[in-house]
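Student: I'd like to go through this model with you, starting with how residues are classed. Could you set that out?

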Amino acid sequence: MPVARPETSDARVIAHVDMDCFYVQVEQRKQPELRGLPTAVVQYNEWQGGGLIAVSYEARKCGVKRSMRGDEAKAACPEIQLVQVPVARGKADLNLYRSAGSEVVSILAKSGKCERASIDEVYLDLTDAAESMLADAPPESLELMDKEVLKSHILGISRKDGDDFEESVRDWLCRKDADRRDKLLSCGIIIVSDLRKQVLKETEFTCSAGIAHNKMLAKLASGMNKPAQQIVVPYAAVQELLSSLPIKKMKQLGGKLGTSLQTDLGVDTVGDLLQFSETKLQEHNGSNTGTWLWNISRGISGEEVQGRLLPKSHGSGKTFPGPRALKSLSNVQHWLNQLSEELSERLSSDLEQNKRIASTLTLHASAFKSRDSDSHKKFPSKSCPLRFGVTKIQEDAFNLFHAALREYMGPFGSKPQGNKQETWRITGLSVSASKIVDIPSGTSSIMRYFQSQSTVPSRSVDGCVQDHVVTPSASEGCSEQISTETQAAVIPEEDTGVTYTLPNFETPDKDVDLVSEKVSALSSHYSKAYNKPFLEV
């Protein structure tokens, strides 16, 4: 549930920078001949032309949407160029886009506290930079102002018929009687405009931005005038932004909470929340959530920019819609092996480049049964201590699946019931590594780190640590977009007589020294890959 956090100050300057149709831009940089043409990036699977995961603005003008398949897109726009997403291990490989996103982050991070929210979006806290500019070179003192600055959209700005757009922006920026909050936002406009120009010059990518006094408002604004635009939300214009905003468009209100507000309280827009007192909202939604709702309806959010340039977790996932649903343990193991191999590579890369290490492995899956009496029952997620080395990750991921499957199928497992055998189908799999922390440099200090972390967490009755780790998104993980293919009718299960073997992570004769095992695996990997000692002092 959302957490209510009071704002520490309404004079902060926060920007949300969002890349414009990023996957397409990355492909167009690689193939410049695609620039200016209607283009879409499609999934690797070729069913009906592949699922569209990114659509250029030229293609959108022709009626092409991300919900389409490639064949539909060609029917709507015959000249569209379809570019297949890179493929590795039989699934989408997003490394090209991650690397391109890192280029952008390295530029933006120079301006202030920077939080990488996904492959293609970043939050910036520019308060310190804006205050420095206001003290040294306030906007009203500038004789010349960049054209890109004057293209900014300022929400709530009053214009008379015939007013020149750029002149009205200049007048707003240079008001000597403006309060401190608006003066800081004026500085933020100039700073963000310069950053966007730097990104374009150094990477060839365009981006859009929202600038406001908190993350929530900046995020809402950044998508309002795409592509290659920026919009500012002064304090006086907050209600204008929120009054007509559909409740489902607000972050954390797209699911059950938003539906409850619509059906129980008749709330259709964020502005509709203003008619309810904080007490009324607390009575309906609980104390904390009620206060959060009361706050956001007034544009109040104390969520801070985290100062994080690296992902909080690593993940690899794949969906198996319709007739491609997995129906045998051998197929599940095959794909878990592929996903674990990719995860292991990303963990090794993170360790090498950033000196970070993860401690928890989590398996997520989505499934359905042929005779599901409880259609709402979800396939449980399972977690355990992370053991390094691709073979160990593969083994542990499969054992976690076994434990989750036994819980999902219930006490009867796959035994026949009556004249029919209850079967299962897996429509999605992912493995993720979380609880990532920095480690000291030097072999001896790494040994001390592992020794301090060597206590294995307590287990549930299944022998697995139950952690509520969020399934990695396409941004931080490698999950593929869920297709809209219709699920096929259930066919008889291929594997019969299944036994569910539980993971055994604490057996003394198997894991005598977890510390040595981790260090040994990492040392072996680096010695073979780089022909030098592991993290040599």
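Tutor: Ala, Val, Leu, Ile, Met, Phe, Trp, Tyr, Cys and Pro count as nonpolar, Asp, Glu, Lys and Arg as charged, and the others, Gly among them, as polar. The model is predicted, with local features needing pLDDT of at least 70 and side-chain atom pairs counting only at pLDDT 80 or more, while totals for chains, interfaces and linings use all residues. Residues are numbered from 1 along each chain as its sequence is written, and side-chain values use heavy atoms, with hydrogens and water left out.

Student: So how does the lining of the largest cavity divide?

Tutor: That lining has six nonpolar, three polar and two charged residues, and among them are Glu7, His213, Tyr235 and Arg298. A cavity here is a set of points, on a 1 Å grid over the protein atoms alone, where a 1.4 Å probe fits but cannot get out, and lining residues have an atom within 4 Å of a point.

Student: How much space lies in the largest cavity?

Tutor: About 60 Å³, taken as the space filled by probe spheres set on the points, which are joined across faces, edges and corners.

Student: Switching topic, which residues of α4 are buried?

Tutor: Tyr97, Arg98, Ala100, Gly101, Val104, Val105, Ile107 and Leu108 are buried, meaning under 20% relative accessible area with a 1.4 Å probe and protein chains only.

Student: And what share of the protein's residues is buried?

Tutor: Buried residues make up 51% of the 537 in the protein.

Technical notes:
Buried < 20%, exposed > 50% of the residue type's maximum accessible area, 1.4 Å probe, protein only. Helix = DSSP H or I, 4+ residues; strand = E, 2+ residues; numbered from the N terminus. 1 Å grid on protein atoms, 1.4 Å probe; cavity = no way out; pocket = protein on both sides within 12 Å on 5 of 7 lines; lining within 4 Å.
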